[in-house]
Amino acid sequence: MKEIGKIWMNRKLVPFKDAKVHVLTHALHYSTSIFEGIRCYNTPKGSAIFRLEEHVDRLFNSAKLYSMKMQYSKKEITDAIIKTVKANGLKECYIRPLAYYGFGTMGLTPTPNKVDVSIACWEWNMGEGKAGKFSGAKCKVSSWIKIDSRSQPMQAKAASNYANAALARVEALENGYDEAIMLNINGKVAEGSAENIFIVKDDTIQTPPLSAGGLEGITRDSVIQIIEENGGYVIERDLERGDLYSADEIFMTGTAAEVKSVTQIDKVVIGNAKMGKTTKELQKLFSDVTMGKDERFLPWLTFI
């Protein structure tokens, strides 16, 4: 990552290299932070941030679940995100708002500390999302179990949840796979390490319910709405490991991944080992939406 541009920190735009926190920041020790991942697309009509309102809403919902007293309103954060993107002069980028319990009182209880907010953005690089965009990702069902919602609020996009996901991702990579798929405490499919998951079986699209432990993904919601708007439907039901192996197609969704194909689970080849027809169609439909080519979904784009 290039150390260029500016990062918004508590109302100030500071040079990238000066965006620092104290080593005794509470979130660094106890993982008491929440965040969002947002995309800004370079569309034919100009740069546009995808579903900005929904991302900001989820950030504030996450903050509430962690008893964070935000110093800023939703409008202030929204305006700050736009300001940060403009200040960096990027036509297309990844945006990372972060709210965290800062430096002050050390100890397990976070609430005596002020909640700080930063907003960074950087030039978009496909990076980890590349696998599955063109050919098909190879996934491993992780030996790590997805954190149960009775232990932590899984509908918060919290850093602590991603420690669990990072273990699964590293395990998959070390075993020669591109991505992990995580099961919940009951052995049902939850999600990938950082994506929601869908299967196609006999032309029917299915996905685990949020009660299975996956994040309420904004790309997940977008894809479901796109499918429904184009005359299809999605069944939400608990999926077993065997449902993955016997699927005709599998695809995953996420801010970085968008819509990506899965062509292998463990040692089992999915379908004909190539990106399926449904996945390919959804990739095109989703791209049209993010590029502002589908007027039905133009309200999802905030042009800057």
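Visitor: What share of the 304 residues of the protein chain count as buried?
Guide: The share is 53%. Bear in mind that this is a predicted model.

Visitor: What makes the chain as compact as a globular protein of its length?
Guide: The secondary structure comes to seven helices and 17 strands. The radius of gyration is 19 Å, and the globule rule gives 19 Å for 304 residues, so the chain is as compact as a globular protein of that length. Along the principal axes, the C-alpha atoms fill a box of roughly 55 × 45 × 30 Å.

Visitor: How much of the contact count comes from residues 24 or more positions apart?
Guide: Such pairs account for 68% of the contacts with a separation of 6 or more.

Visitor: What part of the accessible surface belongs to carbon and sulfur atoms?
Guide: That part is 52%, out of about 14200 Å².

Visitor: Why is Asp-294 called buried?
Guide: Its relative accessibility is 11%. The cut-off is under 20%, so Asp-294 counts as buried. Asp-294 sits in the loop between helix H7 (277-290) and strand E17 (301-303). Leaving out residues up to four places away in sequence, Asp-294 touches Asp-288 and Val-289.

Visitor: What makes the link between Asp-294 and Arg-296 a polar contact?
Guide: Their side chains are joined at 2.7 Å. The limit for such a pair of N or O atoms is 3.5 Å, so the pair of Asp-294 and Arg-296 falls within the limit.

Visitor: Why is the pair Lys-75 and Asp-79 called a salt bridge?
Guide: The closest N and O atoms are 2.7 Å apart. The pairing must be within 4 Å, so Lys-75 and Asp-79 qualify. In general, side chains of opposite charge can pair when their charged atoms come close.

Visitor: What separates Lys-75 and Asp-79 along helix H3?
Guide: About one helical turn, because they are four residues apart in helix H3 (residues 74-88). Lys-75 is exposed at 58%, while Asp-79 is partly exposed at 37%.

Visitor: Which parts does the salt bridge between Arg-241 and Asp-266 tie together?
Guide: In this bridge the closest N and O atoms are 3.1 Å apart. Arg-241 lies in helix H6 (residues 241-245), and Asp-266 in the loop between strand E15 (258-265) and strand E16 (268-269), so the pair ties together parts 25 residues apart in sequence. Arg-241 is partly exposed at 35%. Asp-266 is buried at 12%.

Visitor: Which residues do salt bridges with shared partners join into one network?
Guide: Arg-169, Glu-179, Glu-195 and Lys-260. The whole structure holds 21 salt bridges.

Visitor: How do you know that Lys-17 is exposed?
Guide: Its relative accessibility is 53%. Exposed means over 50%, so Lys-17 counts as exposed. Asp-18, at 40%, is partly exposed. The side chains of Asp-18 and Lys-17 meet in a salt bridge at 3.6 Å, N to O.

Visitor: Why is His-22 called partly exposed?
Guide: Its relative accessible area is 41%. His-22 is in the loop between strand E2 (12-15) and helix H1 (26-30). Its side chain reaches the backbone nitrogen of Leu-24 at 2.9 Å.

Technical notes: Residues are numbered from 1 along each chain as its sequence is written. This is a predicted model: local features need pLDDT of at least 70, side-chain atom pairs count only at pLDDT 80 or more; totals for chains, interfaces and linings use all residues. Side-chain values use heavy atoms; hydrogens and water are left out. Helices (H or I, at least four residues) and strands (E, at least two) are DSSP runs, numbered from the N terminus. Buried means under 20% relative accessible area, exposed over 50%, partly exposed in between (1.4 Å probe, protein chains only). A polar contact is a pair of N or O atoms within 3.5 Å; within protein, one must be able to donate a hydrogen and the other to accept it, and residues adjacent in sequence count only if both atoms are side-chain atoms. The radius of gyration is taken over C-alpha atoms; the globule rule is 2.2 Å times the number of residues to the power 0.38. Contact means heavy atoms within 4.5 Å. Accessible areas come from the Shrake-Rupley method with a 1.4 Å probe; for residues, only the protein chains shown count as cover.
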